[in-house]
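I opened my notebook to jot down what I looked up, one item at a time.

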Amino acid sequence: MKLDDITISKAIVEGFMEDFVDYMDVDVAIGGGGPSGLTAGYYLANEGLKVALFERKLSIGGGMWGGGMMFNKIVVQEEGKRILDEFAIDSQKYENQYYVADSIETVSTLCSKACKAGLRIFNLMSIEDVMIREEEITGLVLNWSAVGSAGLHVDPLTIRSKAVIDATGHDCEIVKVVENKIGPRLNTKTGKIMGEKPMWAEIGEKSIMDNTREVYPGLYVAGMAGNAVYGSPRMGPIFGGMLLSGEKIAKMLIEKLK
Ligand code: 48H
């Protein structure tokens, strides 16, 4: 068989455009492809919802690849192990209630199973704004990450979504945009982002489930973004909370949207 370079190029561009146009109107848009966003995407897509995930970087996985201080292992507690088991990710018992898993296997398996379940991931795109209609978040405003890195002045494009999940981690970037644009009207004690508190694994992991919620009509937070928005501690390289938070937000949205 003779290979034609132009056919290869056309296949890529047409395949991508077909998906991008299709996913401009979705049930759920997820910002950030770390562990919480991928887990949420898996459970939502598995229920047949149309879900797009937008990730700024080339690779998905967020802060999970590097384990703790670049030792590429993660720790999960008993509750989190249930989710590792559901994904068939290997883990070893360290001590009572503590399990260790390989961060590379964990990220790649979460990603693979989420894609197979129907999640569509768009990498290299940054969320730079939101669409708000009648005091409800109704979509995301996107640009190529390279546009921002190069400091170019290029206008973005918009997608519509019935619900948006901010899973952008420590920086809670989508919630930050909303606070900056419309002022202190978030569903927090102060109406503003309360800010992440210093490391305390036990409290950080406990609070993350309460902090996984709707922070403004149509906008939900999951993972580390929840603790940053609601003023709870960080928890270091224990990842059960991220997985459980992704599962919780997915369940909430499945109930709401189905
Ligand atoms: C598109 C964006 C944008 C944007 C950011 O940081 P993450 O891994 O997030 P979580 O919440 O799923 O997991 C947190 C965990 O990795 C962690 O950091 C922990 C447990 N820390 C504890 C501690 O004490 O430090 O992933 C967020 C993803 C990243 O891949 C970003 O590139 C991406 O979101 N992202 N994508 N548009 N505006 N902002």
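This is a predicted model: local features need pLDDT of at least 70, side-chain atom pairs count only at pLDDT 80 or more; totals for chains, interfaces and linings use all residues.

**Where the ligand sits**

The ligand takes up the space of the largest pocket.

Next I looked up which elements give two or more residues to the shell around the ligand. I noted helix 2 (35-46), strand 2 (51-55) and strand 7 (125-133). Strand 7 gives the most, with 3 residues.

**Who is around it**

I found 27 residues around the ligand. The ones that come nearest are Ser 36, Glu 55, Gly 63, Arg 234 and Gly 236.

How many residues of the shell are nonpolar, polar and charged? I wrote down 10 nonpolar, 12 polar and 5 charged.

Then I checked distances to oxygen atoms of the ligand. Arg 234 has a polar side-chain atom 2.7 Å from an oxygen atom of the ligand. For His 170, a polar side-chain atom lies 3.1 Å from a ligand oxygen atom. Met 224 uses its backbone instead: an N or O atom there lies 2.8 Å from an oxygen atom of the ligand.

On its own the ligand has 800 Å² of accessible area, and the protein covers 92% of that.

**Salt bridges**

My last stop was charged pairs. Side chains of opposite charge can pair when their charged atoms come close. I got 15 salt bridges for the structure.

I picked one of them to follow up: the side chains of Arg 160 and Asp 25 meet in a salt bridge, at 3.2 Å from N to O. Arg 160 lies in strand 9 (residues 157-166) and Asp 25 in strand 1 (residues 25-31), so this pair ties together parts that are 135 residues apart in sequence.

Key
Residues are numbered from 1 along each chain as its sequence is written. Side-chain values use heavy atoms; hydrogens and water are left out. A residue is near a molecule or strand if one of its heavy atoms lies within 4 Å of it. A polar contact is a pair of N or O atoms within 3.5 Å; within protein, one must be able to donate a hydrogen and the other to accept it, and residues adjacent in sequence count only if both atoms are side-chain atoms. Accessible areas come from the Shrake-Rupley method with a 1.4 Å probe; for residues, only the protein chains shown count as cover. On a 1 Å grid over the protein atoms alone, a cavity is a set of points where a 1.4 Å probe fits but cannot get out, and a pocket is an open set with protein on both sides within 12 Å along at least five of seven lines; lining residues have an atom within 4 Å of a point. A molecule sits in a cavity or pocket if more than half of its atoms lie within 2 Å of its grid points. Helices (H or I, at least four residues) and strands (E, at least two) are DSSP runs, numbered from the N terminus. Ala, Val, Leu, Ile, Met, Phe, Trp, Tyr, Cys and Pro count as nonpolar, Asp, Glu, Lys and Arg as charged, and the others, Gly among them, as polar. A salt bridge is a side-chain nitrogen of Lys or Arg within 4 Å of a carboxyl oxygen of Asp or Glu.
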